[in-house]
Amino acid sequence: MKQRQLGQQGLSTSEIGYGAMGISIAYGPSDRQEGIATIRRAYDLGVTFFDTAELYGWGENETIVGEAVAPFRDDIVLATKFGWTRDYGQDSRPEHIREVVENSLRYLGVDHIDVLYQHRPDANVPIEDVAGTVKEFIDAGTVKYFGLSEAGPDTIRRAHAVQPVSVLQTEYSLFERTVESILPTLTELGIGFVPYSPLGRGFLTGTAKPAAEYDATDMRRTDPRWQPGNFEKNVEATRQLTELAATKGATVSQLALAWLLAQGDQIVPIPGTRSLKRLEENVAAADLTLTTGDLERIKLILPTGGYGARYTEAFMPTWE
Ligand SMILES: NC(=O)c1ccc[n+]([C@@H]2O[C@H](COP(=O)([O-])OP(=O)(O)OC[C@H]3O[C@@H](n4cnc5c(N)ncnc54)[C@H](OP(=O)(O)O)[C@@H]3O)[C@@H](O)[C@H]2O)c1
C-alpha cells in the first residue's frame, strides 16, 4: 500500500490505517480473538497505522492491540490517546498525562508510543502545559509524535508553538464535514489529518439498521443520524452513493474511503471493523480512484454532509 506523510516531523504511514475502538466499545459485543486476527490481517494487507486509546476500555483495547501487533511492532505506527476521566470528563493535567502514558506503555507492552494524542482539549489546562508535557516524553524518546483530537485552530496553533503537532484526528466523512473549516490551518502549519469514523460509524457501508435494532450497548441507538427523520434521508443518500460505487465496481464503503483520500495528500483515514472480510474491503479502497466526474456526482448527492449531528449534545466537542 502507498504511504502518506503526516506532518513535518517524519511520520509516515500506510494511506489507510486501522481504528481498533470497536473491538472494545461503541458497537456492541466483540470477540477478542477476532479482534487480534483482524489487526494481524490488516498488517498482512499493508496497514501500518493502528489507533487505540485509554478510553477504549481503560486498558482493554490497548492490551488487545499490543498483543496483536507484538510480532511486528517495530514495523508499524502505534497511536494512543489520553485525557478522559472515568466519568467522561477531561483531565489533561501534566500529572494525569504522565500516569496515563505509563499505563499505556504497560498495556501496549511497548517501550515507546509512536503517536500520542490529547483525546479532547481540556478547558482547565492551558494547551501549552499539555504540549510541554508531551514534549518531555518526545525529548526522552518515549513518544515519537504529538497529535491532537477535536482541537480548534487556536488550540492547534498554541500547541504547535510549544511542540510541533504532527497530526490532528477529528471526525470526517461524507456525512460529517464540519472539520473542513480547519483543514486550511493544517495545510498552513504542515500538520497531517486523520479522519476518524470515516465510514460514518458504519452508516456509509449500506448496513445501517433503525436505531432500535442495535445492541443495547451500541451507541448508534442514540446517534442523531440514526433517529427517525434523519435516518431515512441518510439511507437514501447512501443508496445513491452505492449506485455510483457500483458503476466503478466498488462498494459504498470503498467510495467513502476513496473520497477522503481524494481530499488531500496529508489525510489518512482509520476505518474500524471486527470482520476480516470487511477489513479486506476497506483496505482495497486504496486502489479506487475517483474521477472529477465522480466527485461532482458525490457533491450533488451530499453537498454538505449527511443528516443529523454526529454526537448527542452532551458529547458534542467544541472547538477553540
Ligand atoms: N478521536 C476520537 O475521538 C475518536 C472517536 C471515534 C473513533 N475514533 C477512532 O476512529 C476509528 C474508526 O472510527 P469508528 O470505528 O467510530 O467508525 P467507522 O470506521 O466509520 O465505522 C465503524 C463501523 O462500521 C462497520 N464497518 C466497517 N467497515 C465496514 C464494511 N466494509 N461494511 C460494513 N460495515 C463496516 C463496523 O462494524 P464491524 O466492526 O461489525 O465490522 C463498525 O460498526 C475508531 O476505531 C477509533 O480508533 C476516534
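Because Glu128 belongs to helix α4 (residues 127–140) and Arg158 to helix α5 (residues 153–162), the pair ties together parts that are 30 residues apart in sequence. Helices (H or I, at least four residues) and strands (E, at least two) are DSSP runs, numbered from the N terminus. Glu128 is partly exposed at a relative accessible area of 30%, and Arg158 is partly exposed at 32%. Here buried denotes under 20% relative accessible area, exposed over 50%, and partly exposed the range in between (1.4 Å probe, protein chains only). The model is predicted: local features need pLDDT of at least 70 and side-chain atom pairs count only at pLDDT 80 or more, while totals for chains, interfaces and linings use all residues. Residues are numbered from 1 along each chain as its sequence is written, and side-chain values use heavy atoms, with hydrogens and water left out.

Over the whole structure, 21 salt bridges are found. One of them joins the side chains of Arg41 and Glu280 at 2.8 Å, N to O. This pair links distant parts of the chain, with Arg41 in helix α1 (residues 32–44) and Glu280 in helix α9 (residues 276–283), 239 residues apart. Arg41 is partly exposed, with 29% relative accessibility, and Glu280 is partly exposed at 34%.

A salt bridge of 2.8 Å, N to O, also joins the side chains of Glu171 and Arg225. Glu171 lies in strand β8 (residues 165–171) and Arg225 in the loop between β9 (192–196) and α7 (230–247), so the pair ties together parts 54 residues apart in sequence. Glu171 is buried at a relative accessible area of 0%, and Arg225 is buried at 1%. Through shared partners, salt bridges join Glu150, Glu171, Glu176, Asp223, Arg225 and Arg310 into one network.

Asp51 is located in strand β4 (residues 49–51) and is buried, at 4% relative accessibility. Its side chain makes a polar contact of 3.0 Å with that of Gln169. A polar contact is a pair of N or O atoms within 3.5 Å; within protein, one must be able to donate a hydrogen and the other to accept it, and residues adjacent in sequence count only if both atoms are side-chain atoms. Beyond its neighbours within four places in sequence, Asp51 is in contact (heavy atoms within 4.5 Å) with residues including Tyr18, Lys81, Tyr117 and Ile270.

Grid points are joined across faces, edges and corners, and a volume is the space filled by probe spheres set on the points. The second largest pocket has a volume of about 440 Å³. Of its 20 lining residues, Arg120, Pro121, Asp122, Ala123 and Thr318 are the closest to its centre.

Conventions
A salt bridge is a side-chain nitrogen of Lys or Arg within 4 Å of a carboxyl oxygen of Asp or Glu. On a 1 Å grid over the protein atoms alone, a cavity is a set of points where a 1.4 Å probe fits but cannot get out, and a pocket is an open set with protein on both sides within 12 Å along at least five of seven lines; lining residues have an atom within 4 Å of a point.
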